[in-house]
Amino acid sequence: MQISGIVTEGRHRGRELGYPTINIPLGDAALSGVYAGRVRVDDAWHDAALFADAGRGVLEAHLLNVVSDLYGREVTMVPIEKLRDAVHIADDDVLKHLIADDIARTRDVLANTVRVMVFGTFDIVHKGHTNLFEQARTLAAHPYLIVSIARDASVLRIKGTAPRHTEVQRLAQVAAHPLVHEAVLGDAEGYMSHIVAAQPDIIALGYDQQGEYVEHLERDLRGAGLSTRVVRLQAFEPEIYKTSKLRTDV
């Protein structure tokens, strides 16, 4: 799940404790507690410890390797793995020790995170896609799921019909899915540039994904200097959960 927002000025409590944070509106009341995560600023991703404060409706991030004034900038935060529930601690020394432990655990989780990438059109996100995401995440103990969204022109060229929803709409829909850490648009031409940028450890192909790019994928990965492993996922009730079968005129 990606949560984007404009950085607003907070209470400066983290700065007083030696761990400055940036704050954006939480936007999802289901999130609460401390997470290992990532934050995108412009086109760069940074490791971060995140704190979802449901009471205040704020998502805070302590960027591990960046100290910068980001007020008024739009950023995107991605919770990857929950570390603990929120607790109220009045003693500053105890709180600082706890935050230091959160940061150490964040570094450990992110160091062991495996980047898993899947591809699709996702014109309608249905149970079959949710199962695809679930299968992909089981490929690693600490998965970071990246979903590549096919561009409108690519869909039209390959399938012969345009998608019902634009690439921007499909990107936003997938990015909001609770199992997805990061959603990206595919390349306008070819496919390797955005894969190289994502640096996946594993590419998980759907049971029915075919075509020239699938046929030559492993060769092209090696040619790009990537040691990415390619696996094939299982079908999930394909007689029901296939977008072409679920499309309506609504």
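Start by selecting strand S5, residues 58-63: six of its six residues are buried, where buried means under 20% relative accessible area with a 1.4 Å probe on protein chains only. Strands here are DSSP runs of E with at least two residues, helices are runs of H or I with at least four, and both are numbered from the N terminus. Before going on, note that this is a predicted model: local features need pLDDT of at least 70, side-chain atom pairs count only at pLDDT 80 or more, and totals for chains, interfaces and linings use all residues. Residues are numbered from 1 along each chain as its sequence is written, and side-chain values use heavy atoms, with hydrogens and water left out.

Now show the S5 side chains. In a regular strand the side chains alternate between the two faces of the sheet. Here Val58, Glu60 and His62 point one way, Leu59, Ala61 and Leu63 the other, and all are buried.

Strands count as paired if DSSP finds at least two bridges between them. S2 (residues 22-25) runs antiparallel to S5, with four bridges; pick Pro25 and you'll find Val58 as its bridge partner. S4 (residues 44-53) is antiparallel to S5 too, joined by six bridges, and Ala52 stands opposite Leu59. Then click on Gly57 in the S4-S5 hairpin, which has four residues between the strands: Gly57 takes a positive phi near 70 degrees.

Of its 31 lining residues, the closest to the centre are Arg11, Phe51, Glu60, Leu95 and Ile99. Helix H1 (13-16), S4, S5 and helix H2 (92-111) each give two or more residues to the lining.

Time for some rings. The whole structure holds three aromatic pairs, meaning Phe, Tyr or Trp rings (six-membered ring for Trp) with centres within 6.5 Å; planes under 30 degrees apart are stacked, over 60 edge-to-face and the rest tilted. Select Phe122 and Phe133: this pair is tilted, at 5.8 Å centre to centre and 40 degrees between the planes. Phe122 sits in the loop between S7 (114-120) and helix H3 (127-137) and Phe133 in H3, so the pair ties together parts 11 residues apart in sequence. Phe122 is buried at 2% relative accessibility, and Phe133 is buried at 0%.

For another group, select Phe119, Tyr191 and Tyr213, a cluster linked by ring pairs.

Terms used
Buried < 20%, exposed > 50% of the residue type's maximum accessible area, 1.4 Å probe, protein only. 1 Å grid on protein atoms, 1.4 Å probe; cavity = no way out; pocket = protein on both sides within 12 Å on 5 of 7 lines; lining within 4 Å.
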